[in-house]
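Notebook open, structure loaded. I'm jotting down what I look up as I go.

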Amino acid sequence: MSHAPRPLHFAAFVMNTTGHIIQGTWRRPTARQTDFNSLDHWVDLARTLERGTFDAIFFADVVGLYAPYRGDERKYVEAGLQVPSNDPSVLASAIAYATEHLGIAFTASILQEHPFNFARRISTLDHASKGRIAWNIVTNYLPNASRNFGLEGLTKHDERYAWADEYVDVTYKLWEGSWEDDALIQDRQTGVHADFNKVHKINHRGPRYQVEGPHLTSPSPQRTPLLFQAGASEAGRTFAAKNAEAVFIASPSLDAAARDTADIRARAVTYGRRADDLKFFQGLYVVPAATEEEARRKAAELDEWIDYDAQLAHMSGAVGIDFGFEDLDTPVGELKTEGVQSIVGWIKDLVTDRQPTLRDVAHYTATNSRIVGTPEQIAGQLALWQAAGVDGINLVNAEIPGTYEEFVDHVIPVLRDRGLAQREYADGTLRHKLFSQGNRLPERHPATRYRGAFAPQPA
């Protein structure tokens with residue numbers, strides 16, 4: 001029995017910087033990534049995305065430089081590789097004011113701000129946007145970022161997730177438990193602004209945080225923002241299964257996507273959630289054109305602008321292994337560092353006719369998750385990703401605004417005709433737009449255990 005296709009969800013994967021994922025293309029005459037300091041740049045992009053009924057603009061972020069490449073951070077600075085980089089959350093209220101439906105997701109690490117202040121800022125933005133804020137929860141894997149916030153070095157991997165568990169626990173208590181829904185009265189006749197008996201301290205005492213409360217912000221439309229997470233490790237998958245509503249993945253193939261989504265959904269069920277409580281967004285990049293030949297020509301032209309040395313620097317800095325002293329044509333299998341084994345396996349799956357090299361690693365970091373073809377061919381490929389368990393696409397860019405303008409003008413109409421993209425927005429908050437189950441977290445989510453938890457109990 002055949003089923004009608006479901007609309008995919010779409011987010012624009014951006015960063016408040018020049019060089020995000022595909023390095024070097026900012027040098028193209030039509031690229032405007034260098035305008036990242038301009039508020040107009042982001043507002044204009046948000047309006048384009050809303051014209052294309054995108055669900056969200058998704059801001060990545062870092063709070064430190066990547067690990068050294070050729071012994072220092074020169075390459076990152078000279079290539080504009082995520083430095084300079086501005087705080088994405090500052091853009092949220094302006095984007096919310098300029099749009100009506102577009103969700104605004106931004107990355108914030110547990111490292112960079114105390115949870116009490118962060119929870120207050122999120123609630124403020126959720127009020128200002130009428131419930132369109134999402135938080136991409138990340139720990140931190142950059143030693144420089146740790147040192148920027150007073151730590152001597154990088155916290156051990158599993159310890160970072162224990163830290164994240166407590167961090168989100170504090171925010172859940174503030175968002176879900178501190179204020180009752182009807183606590184804010186604003187009664188002009190009696191002069192009572194809020195019911196004192198319905199505003200509660202949380203008195204959190206944990207290994208890292210002591211937070212008395214109450215939350216200083218009354219309940220926002222979503223209370224807790226829509227929760228994104230992107231960890232691919234064992235601890236990250238477990239954290240996502242317990243907490244995430246939307247999971248950003250970068251699976252290298254359809255088979256890998258099927259495995260990744262099925263694994264995390266199964267884990268979620270073990271925590272008392274439903275498999276469909278999570279939406280998976282695959283990172284992809286598309287090059288559309290009227291004919292396949294033209295699309296391949298456009299892709300080849302883009303490839304000429306890619307800074308492959310910067311691509312390798314990005315990979316090098318992300319995994320913490322300095323590849324900068326190796327020749328780009330060095331076979332990956334000859335590298336002796338223990339930490340490159342996952343890279344060896346990944347690249348061997350992609351390059352099967354010869355020994356893959358570091359140049360291949362650099363090339364495929366920019367082009368592996370790329371679909372080149374006509375809008376109809378792209379739509380067909382996206383349907384395959386959906387069949388593999390993916391609910392949405394986090395669309396990577398080579399150019400801003402060009403990548404998104406082309407997608408909105410040429411690919412979205414085909415997707416709409418095939419039932420793979422929404423034609424109009426649903427009413428309500430970002431959570432309701434994605435799940436059609438109301439504005440607040442479902443009772444199955446662990447945050448909801450704090451609803452009513454701090455109210456005085458009857459004697």
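Is His20 buried or exposed? I looked it up, keeping in mind that this is a predicted model. His20 has a relative accessible area of 8%, so I put it down as buried. I found His20 in the loop between strand 1 (9–15) and helix 1. Leaving out residues up to four places away in sequence, I get Phe13, Val14, Met15, Ala60, Gln82 and His314 as what His20 touches.

**Arg132**

Next I went to another loop residue. Arg132 sits between helix 4 and strand 4, and its relative accessibility is 4%, so this arginine counts as buried too. What is Arg132 in contact with, once neighbours within four places in sequence are set aside? My list reads Ala96, Thr99, Glu100, His101, Leu102, Gly103, Ile104, Asp126, Gln222 and Leu430. I also checked Arg132 against Leu395: 263 residues separate them in sequence, and their C-alpha atoms are 19 Å apart in space.

Most residues other than glycine have a negative phi, and most peptide bonds are trans, so I went looking for exceptions. Lys130 has a positive phi, near 60 degrees. Lys130 is in the loop between helix 4 (115–128) and strand 4 (133–138); at 67% relative accessibility I count Lys130 as exposed, because the cut-off for that is over 50%.

Gln186 also has a positive phi, near 50 degrees. I place Gln186 in the loop between helix 6 (157–177) and strand 5 (204–205). With a relative accessible area of 47%, Gln186 goes down as partly exposed.

Then the cis bonds. I noted one from Gly213 to Pro214, with omega near 10 degrees, and Pro214 falls in the loop between strand 6 (210–211) and strand 7 (226–229). I noted another joining Ile400 and Pro401, with omega about 10 degrees. Pro401 belongs to the loop between strand 11 (392–395) and helix 14.

**Helix 9**

How far apart are the end C-alpha atoms of helix 9? I get 21 Å for residues 292–305, and 14 residues at 1.5 Å a residue should span 20 Å, so the two agree. Which residues of helix 9 are buried? I wrote down Ala295, Lys298, Ala299, Leu302 and Asp303. They cover an arc of only 145 degrees around the axis, which means they are on the same side of helix 9.

I then asked what covers the buried residues of helix 9. The cover includes strand 9 (279–288), helix 10 (308–319), helix 12 (358–367), strand 10 (370–373) and helix 14 (402–417).

**Helix 1 against helix 14**

Last, a helix pair. The axes of helix 1 (residues 39–51) and helix 14 come within 9 Å and cross at roughly 10 degrees. Angles under 35 degrees count as roughly parallel, so I call helix 1 and helix 14 roughly parallel to each other. From helix 1, the contact takes in Leu45, Thr48, Leu49 and Arg51; from helix 14, Tyr404, Glu405, Val408, Asp409 and Arg416. Sorting the residues of this contact, I have 4 nonpolar, 1 polar and 4 charged.

Key: Residues are numbered from 1 along each chain as its sequence is written. This is a predicted model: local features need pLDDT of at least 70, side-chain atom pairs count only at pLDDT 80 or more; totals for chains, interfaces and linings use all residues. Side-chain values use heavy atoms; hydrogens and water are left out. Helices (H or I, at least four residues) and strands (E, at least two) are DSSP runs, numbered from the N terminus. The expected span of a helix is 1.5 Å times one less than its number of residues. Buried means under 20% relative accessible area, exposed over 50%, partly exposed in between (1.4 Å probe, protein chains only). The arc is that of the directions from the helix axis to the C-beta atoms. Contact means heavy atoms within 4.5 Å. Axes are lines fitted to C-alpha atoms, for helices over the stretch in contact, and angles run from 0 to 180 degrees between N-to-C directions. Angles under 35 degrees count as roughly parallel, over 145 as roughly antiparallel, 65 to 115 as roughly perpendicular and the rest as oblique. Ala, Val, Leu, Ile, Met, Phe, Trp, Tyr, Cys and Pro count as nonpolar, Asp, Glu, Lys and Arg as charged, and the others, Gly among them, as polar.
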